[in-house]
Amino acid sequence: NERDVTKAKPKRRIYYKKVCYDGGEFNIGDDVYIKRREDVSDDDEEVEECRVCFRAGKGVMIECDDCLGGFHLKCLKPPLRSVPDGEWICGYCEGRKLGKDVKFPDPPKGRKRRRTAKEKLLSSDLWAVRIESLWKEVDGSFWFRGRWYMIPEETAAGRQPHNLKRELYRTNDFADNEMETVLRHCYVMTPNEYAKAENEGDDVFLCEYEYDINWHSFKRIAEIDNDEDGDEEVEHDEDWSCDEDSDSELSDDMEYEEEDRYKPAPGSTPAHAVAANSRNGHTFGLQKIGTKRIPEHVRTHKQTELEKAKATLLLATLPKSLPCRNKEMDEITAFIKGAICDDQCLGRCLYIHGVPGTGKTMSVLAVMRSLRSEVDAGVTKPYSFVEINGLKLAQPENIYRVIYEALTGHRVSWKKALNLLNDKFSNGVKSSKDDDRPCILLIDELDLLVTRNQSVLYNILDWPTKPNSKLIVIGIANTMDLPEKLLPRISSRMGIQRLCFAPYNYLQLQEIIGCRLKGIDAFEKQAIEFASRKVAAVSGDARRALEICRRAAEIADYRVKKSTSLPKTGKALVGMSEVEAAIQEMFQAPHIQVMRSCSKLSKVFLAAMVHELYKTGMSETTFEKLAQTVSCLCTSNGIIFPGWDTLLRIGCKLGESRIILCESGASHRLQKLQLNFPSDDVSFALKDSKELPWLTKYM
């Protein structure tokens with residue numbers, strides 16, 4: 001019986017180091033093109049044609065570093081005698097950058113321009129893969145296991161400015177494919193190999209990073225290889241490869257271990273969709289993220305006026321224009337143009353302050369978009385622009401890493417980034433030709449960069465004072481007197497030029513809402529005026545006014561769609577009742593009711609937190625500082641200070657109701673406290689307090 005079972009055991013795979021297939025020789029570790037569909041042919045992309053004469057193989061050709069098109073030296077105007085050193089951009093791409101309407105020559109009549117495999121790969125019509133193992137199946141067909149490459153457009157981040165035209169990402173996704181899907185070899189090189197490549201042909205690509213398809217993260221391949229070198233030795237393909245005529249003698253465990261070695265993790269997204277003739281039962285594939293949009297007419301219906309109003313009043317919607325801030329935008333434009341025209345950009349810092357919701361950041365970004373169009377038209381000198389929000393930094397020192405990565409495209413630690421930025425701005429070390437451009441650095445929420453020794457702010461504000469640094473710093477914060485609260489060495493650099501954004505009045509808020517709703521007949525004029533006056537009386541925050549109007553439009557739209565007496569056309573206008581309902585929701589929310597009904601000392605506690613916020617510009621404070629502020633408020637208004645123990649119990653009660661946020665751990669005098677709601681809500685809840693009418697002057 002044992003002899004019969006042995007005879008009935010099927011033959012297994014035969015693994016190889018090298019396979020000769022369809023006239024080509026393929027080894028483990030080779031990079032190859034893969035067909036996406038079985039009907040793809042490779043008979044029309046062997047040799048690249050000149051983009052001018054549409055001929056191939058005659059004379060020396062040069063490749064444009066922008067469009068990757070090939071040109072004969074003699075076909076250029078004027079002709080070139082030799083290939084120039086460094087980067088070279090063709091006249092067509094140069095013309096497009098200058099805003100000219102330039103078109104490449106059309107092929108001769110009756111002919112179609114042939115695309116190379118490189119062009120098909122970079123446009124996602126082909127795929128590239130690295131061969132990890134080769135074998136022959138029991139039925140005699142040849143298969144290989146490959147590791148996919150991705151073009152930057154197929155990643156979650158998309159193509160970034162620092163990506164080269166021929167750059168690929170190696171992924172951690174593997175697939176079994178039949179050798180019939182292979183077109184021919186391509187060559188994916190490391191940065192050092194790519195820099196030395198000269199006459200390697202058209203199928204050369206650069207790969208420096210590996211892309212994790214599960215976590216959408218990047219890691220330098222050199223770091224991955226170094227990590228693997230430190231691990232224990234693992235078996236390689238060569239350890240179990242065998243000749244073509246010999247049978248595989250692998251044990252069952254070894255065979256199945258290799259079979260499942262690169263199986264995707266449960267729930268992971270594969271790198272590519274199923275290739276032509278890929279193994280049945282396996283799904284390897286990516287549905288490319290963000291590369292193609294579903295057309296608007298397919299996925300949306302015709303919007304009503306109320307639906308259009310809801311969409312345009314969203315805070316995330318970018319307005320076509322920014323009204324009521326022309327004077328401030330002119331000052332910002334004059335400051336930036338004066339700094340750019342100055343060859344040294346010595347000591348150029350601008351501090352912008354104002355209460356939240358007054359258009360500070362949006363005004364600066366609108367100016368930068370206007371200047372970008374002038375740069376594209378050749379009117380203004382080119383510059384680099386870096387935008388940073390302090391809320392997005394885990395710690396203030398990370399700003400060095402963010403600045404360096406934005407300028408160079410390389411990610412390093414913040415300590416190394418600080419040294420490199422010091423070399424660039426202080427010592428004048430230039431790493432590329434783009435380093436001669438002025439750099440405009442916009443830092444939003446500047447007050448969050450304040451540290452114990454204030455070294456981060458000092459370094460950033462000191463760089464513009466260095467000769468030839470060409471750095472312009474624009475800082476934005478909510479606190480008017482932030483420079484006076486800093487060390488003299490920082491305030492002297494920061495407080496020279498200031499720009500104040502005053503709160504909006506009701507007329508300005510009315511104009512902002514009307515500008516958003518231009519061409520949309522959805523609101524009554526009295527409703528917009530009512531919302532504007534309400535918000536202007538509290539804070540002058542344009543974002544709050546837009547939110548009230550948007551919520552009012554939602555209420556009106558809901559009533560129209562649910563109504564049986566009115567036709568569902570969406571033509572009903574938003575009136576005073578809808579705006580009043582939206583205001584009631586926003587300003588009479590449960591947390592506001594809790595603030596209004598709390599004890600006298602709790603109201604003083606909350607008023608002190610708002611006063612401390614306005615005084616320091618910091619969202620967090622300590623219990624010790626807050627207790628001192630409460631003591632000052634009580635003494636100034638004839639109230640007996642309750643004592644630290646009572647004040648601590650009040651803070652705990654407010655923390656239990658989630659009106660304030662308390663640092664976890666034991667209650668102590670250095671415990672950090674923070675409001676859980678906007679300060680406007682606290683001001684609105686306490687401004688009409690009959691018990692403590694004097695609270696209004698502190699908020």
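**View 1. Ile660 and its bridge partner in β20.** In β20, Ile660 has Leu675 as its bridge partner. β19 and β20 (residues 672-675) run antiparallel and are joined by three bridges; two strands count as paired if DSSP finds at least two bridges between them. Strands are DSSP runs of E with at least two residues, and helices are runs of H or I with at least four, both numbered from the N terminus.

A quick note on the model: it is predicted, with local features needing pLDDT of at least 70 and side-chain atom pairs counting only at pLDDT 80 or more, while totals for chains, interfaces and linings use all residues. Residues are numbered from 1 along each chain as its sequence is written, and side-chain values use heavy atoms, leaving out hydrogens and water.

**View 2. The open sheet of three strands.** The strand order is β18-β20-β19, with antiparallel pairing. At the edges sit β18 (620-622) and β19 (660-662), each pairing on one side only. On average, neighbouring strands are turned by 30 degrees against each other, direction ignored. Helix α22 packs on this sheet, touching β18 and β20, and its direction makes about 80 degrees with that of β18. Here, axes are lines fitted to C-alpha atoms, for helices over the stretch in contact, and angles between N-to-C directions run from 0 to 180 degrees.

**View 3. Where α22 meets α23.** The axes of α22 (residues 623-636) and α23 (residues 644-656) come within 11 Å and cross at roughly 115 degrees. Phe623, Glu624, Ala627 and Val630 of α22 meet Trp644, Leu647 and Leu648 of α23, contact meaning heavy atoms within 4.5 Å.
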